[in-house]
Amino acid sequence: MKLNKRVIIYILPLLLSVAAVANTTKAYNDDDKKTTSKDSTINKKSVIDEVIWIVGDEPILKSDVEVMRLQSEMRGEKWEGNPDALIPERIALQKLFLHQAAIDSIEVSEAEISQNVEAQISSMLQMVGGSKEKLEEYRHQSLIEMRQELREEVKDYLLTQRMKENIVKNVKVTPVDVREYFRTLPEDSIPFVPTVVEVEKIASVPKIKQEEIDRVKGKLREYTDRINKNETSFATLARFYSEDPGTARQGGELDYVGRGMLDPAFASVAFNLTDPNKISKIVESENGFHIIQLIDKRGDKIKVRHILLRPKVSQEEVDKSINRLDSIANDIRHNKFSFEEAATFLSDDKDTKNNNGLMANYTERSSKFEMKELPPEIARVADTLKVGQISKAFSMINDKGKTECVIIKLKSRIEGHPATITEDFQVMKAMVEEKKREEVLEEWVQKKLKSTYVRMNGTYNEEDFKYKGWIKK
C-alpha cells in the first residue's frame with residue numbers, strides 16, 4: 001500500500017506541538033501542587049483542560065485548539081481572520097465529516113493506519129538524527145505511546161479524507177469548463193507548473209549468498225519451534241523480530257484481506273491454512289521470507305499474522321551489480337544496443353522492463369514525475385543529467401525494502417513555467433476540478449450545519465467563521 005503523503009504533512013507537526021503541550025500541562029500540574037484553597041474553589045490557573053465547543057455529541061477541548069495552534073505556527077500558516085474562532089471551526093469541520101463517515105459505514109483498514117503511523121515514526125526519527133532515546137526525550141513519550149496517539153490522528157485524518165472523496169465523487173469537468181475558467185483567470189493567479197521529467201531505468205538486484213538465506217530460514221525454523229513448544233507466542237516474536245514495519249507492532253497481524261491484495265506466493269500458503277494452532281512452512285515472497293499463522297477466515301478474505309525476515313545483501317554482491325550496470329551503460333554509449341533494448345532484456349525491474357525501462361507515475365497515471373514524486377535517490381541523480389544522458393550505476397532501497405542497483409536515463413525534462421491552456425491542459429483541469437470539489441464540500445457543510453447541534457463556550461461573531469451557521473439563532 002502506498003504511503004499517503006497528505007497524512008505525513010498533517011501529522012508531523014505533532015513532533016513539537018505535543019511536546020510543548022506536555023510541558024504546559026506539567027507547568028499547570030506544578031502550579032496545582034503549590035495552590036491551596038480553604039473554600040474548595042479551583043484556581044483558574046490550575047485548570048488543565050476544558051470543553052469549549054460541542055458539535056453534535058463530540059466535544060472540542062481547549063488542548064485540541066492549542067495543539068492545532070502550535071501546528072499552524074510551525075508550518076508558518078497565517079490565519080485570515082480570528083484564529084480563536086477559525087481553529088475550533090477547523091476541528092469542528094473534521095468532526096462533521098467523521099460523524100458522517102460513521103453513518104455511511106466508511107472505514108480504513110488497520111494495515112493502512114499502521115503503515116502510515118510507522119511512516120510518521122520513521123520521519124520523526126530522521127528529524128532527530130535517528131535516535132530513539134532523543135525522540136522519546138523530546139516528545140516526553142515512549143515510542144509505544146507515540147504510536148497509540150498517532151494511530152488515532154492518522155485514522156481520523158484518513159476517514160475524513162475518504163468521506164470528502166465520497167462527497168465529491170461525482171464532480172465532473174468538461175474541456176469547456178477548463179477553457180472558460182482559464183479565460184477569466186487573472187494573470188497573477190495563473191499557476192506555476194513545476195519541472196517534470198521522464199526517467200528510464202535498468203535495475204540489477206544483487207544476489208544473496210546461500211549461507212545468508214540459510215541463516216534467515218534457520219531463524220524462522222527456530223521461531224516456529226519455540227511457538228510449537230509454547231515457549232512464547234507468534235505475536236510476541238513478530239513484535240521483536242519481524243522486519244515488516246507495517247505489522248510488527250501489531251504482532252505481525254494483517255487485517256482481513258482478499259487474495260488479490262497479497263503477494264501470490266504468500267497468498268497461496270496463507271489461504272490454504274486451516275488450523276490457527278499450526279504455523280505455515282517458510283514462504284518466499286518478493287519481500288523476503290515469512291512464516292504465517294491463521295487467525296480467521298471470513299468469506300473470501302483472510303486474517304493472518306506473519307513474521308518477515310529479509311536476507312542481507314553483501315557489499316561484494318552490490319559491487320558486482322554496480323560493475324555489471326556500468327558495463328551495460330558503456331555498451332549503450334558505444335551504440336552496441338539502446339537503453340530501451342537493454343531495459344527490456346537485461347533489467348531485473350519487473351515494473352519497467354516491459355515498458356522499455358520507462359518509470360510509471362501510478363498516482364497521476366502518467367510517465368511524468370515532479371522531482372519530489374520520484375524515489376529520493378533517483379531524483380538526486382536525475383536532476384544532474386541532461387536529456388538523453390545515462391547515469392553511473394548507484395545502489396538504492398526499492399519500495400519493497402530490497403537493495404537494488406540501477407542506472408537511469410533522463411528521457412525528457414520540461415522546465416517549470418506558468419501554465420498555458422495548450423501545454424498544461426491537465427494541470428488546468430485539475431485546478432478546476434479542485435475548485436468544484438471545494439464548492440460541493442462547502443454546500444455539504446452548510447447543509448449539514450442546519451441539522452447539527454452546536455454549543456460554544458465564549459462569545460463569537462458570525463463573521464469570525466468561514467462557514468455560516470455555527471451560531472444558532
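Let me start with a term: a salt bridge here is a side-chain nitrogen of Lys or Arg within 4 Å of a carboxyl oxygen of Asp or Glu. By that rule, this protein has 29 salt bridges, and I'll come back to a few of them.

Before that, some housekeeping. This is a predicted model, in which local features need pLDDT of at least 70 and side-chain atom pairs count only at pLDDT 80 or more, while totals for chains, interfaces and linings use all residues. Residues are numbered from 1 along each chain as its sequence is written, and side-chain values use heavy atoms, with hydrogens and water left out.

So, the overall picture. The protein chain has 15 helices and 13 strands; these are DSSP runs numbered from the N terminus, with helices being H or I of at least four residues and strands being E of at least two. Of its 473 residues, 43% are buried. Buried means under 20% relative accessible area, exposed means over 50%, and partly exposed is in between, with a 1.4 Å probe and protein chains only. The accessible surface comes to about 27,200 Å², and carbon and sulfur atoms hold 50% of that; the areas come from the Shrake-Rupley method with a 1.4 Å probe, and for residues only the protein chains shown count as cover. As for contacts, meaning heavy atoms within 4.5 Å, take those with a separation of 6 or more: 66% of them join residues 24 or more positions apart.

Now to the inside. In soluble globular proteins, nonpolar side chains tend to be buried together. I'm using "nonpolar core" for a set of buried Ala, Val, Leu, Ile, Met, Phe, Trp, Tyr and Cys residues joined through side-chain atoms within 4.5 Å. Which residues touch the most other members of the largest core? They are Trp53, Ile60, Leu96, Ile121, Val445 and Trp470, out of 46 residues in that core. Elements that each supply at least two residues include β1 (51–55), α3 (62–74), α5 (110–127), α7 (143–167), α15 (425–450) and β13 (454–456). The most comes from α4, with 10 residues. Apart from this core there is another, of 17 residues, with Met371, Ile378, Ala382 and Leu385 among them.

Do have a look at Ile60 on the screen. Leaving out residues up to four places away in sequence, Ile60 touches Glu50, Val51, Ile52, Trp53, Val55, Val65, Pro88, Ile91, Ala92 and Lys95. Ser63 is partly exposed, at 22% relative accessible area, and its C-alpha atom is 9.6 Å from that of Ile52, 11 residues away along the chain.

Back to the charges, as promised. Arg90 forms a salt bridge with Glu77, and the closest N and O atoms are 2.6 Å apart. Arg90 lies in helix α4 and Glu77 in the loop between α3 and α4, so the pair ties together parts that are 13 residues apart in sequence. Both partners are partly exposed: Arg90 has a relative accessible area of 33%, and Glu77 has 25%.

A second pair is Glu152 with Arg151, at 3.1 Å between the closest N and O atoms. Glu152 is partly exposed at 40%, and Arg151 is partly exposed at 24%.

A pocket, on a 1 Å grid over the protein atoms alone, is an open set of points where a 1.4 Å probe fits, with protein on both sides within 12 Å along at least five of seven lines, and lining residues have an atom within 4 Å of a point. Contributors of at least two lining residues each include α5, α7, α10 (234–241) and β5 (253–258), and α5 gives the most, with 6. The space in this pocket is about 380 Å³, a volume filled by probe spheres set on grid points that are joined across faces, edges and corners.

Last, two backbone details. Ser105, in the loop between α4 and α5, has a positive phi of about 60° although it is not a glycine, and Ser105 is exposed at 57%. Asn230 also has a positive phi of about 60° without being a glycine. Asn230 sits in the loop between α9 (210–228) and α10 and is exposed at 68%. Thanks, everyone!
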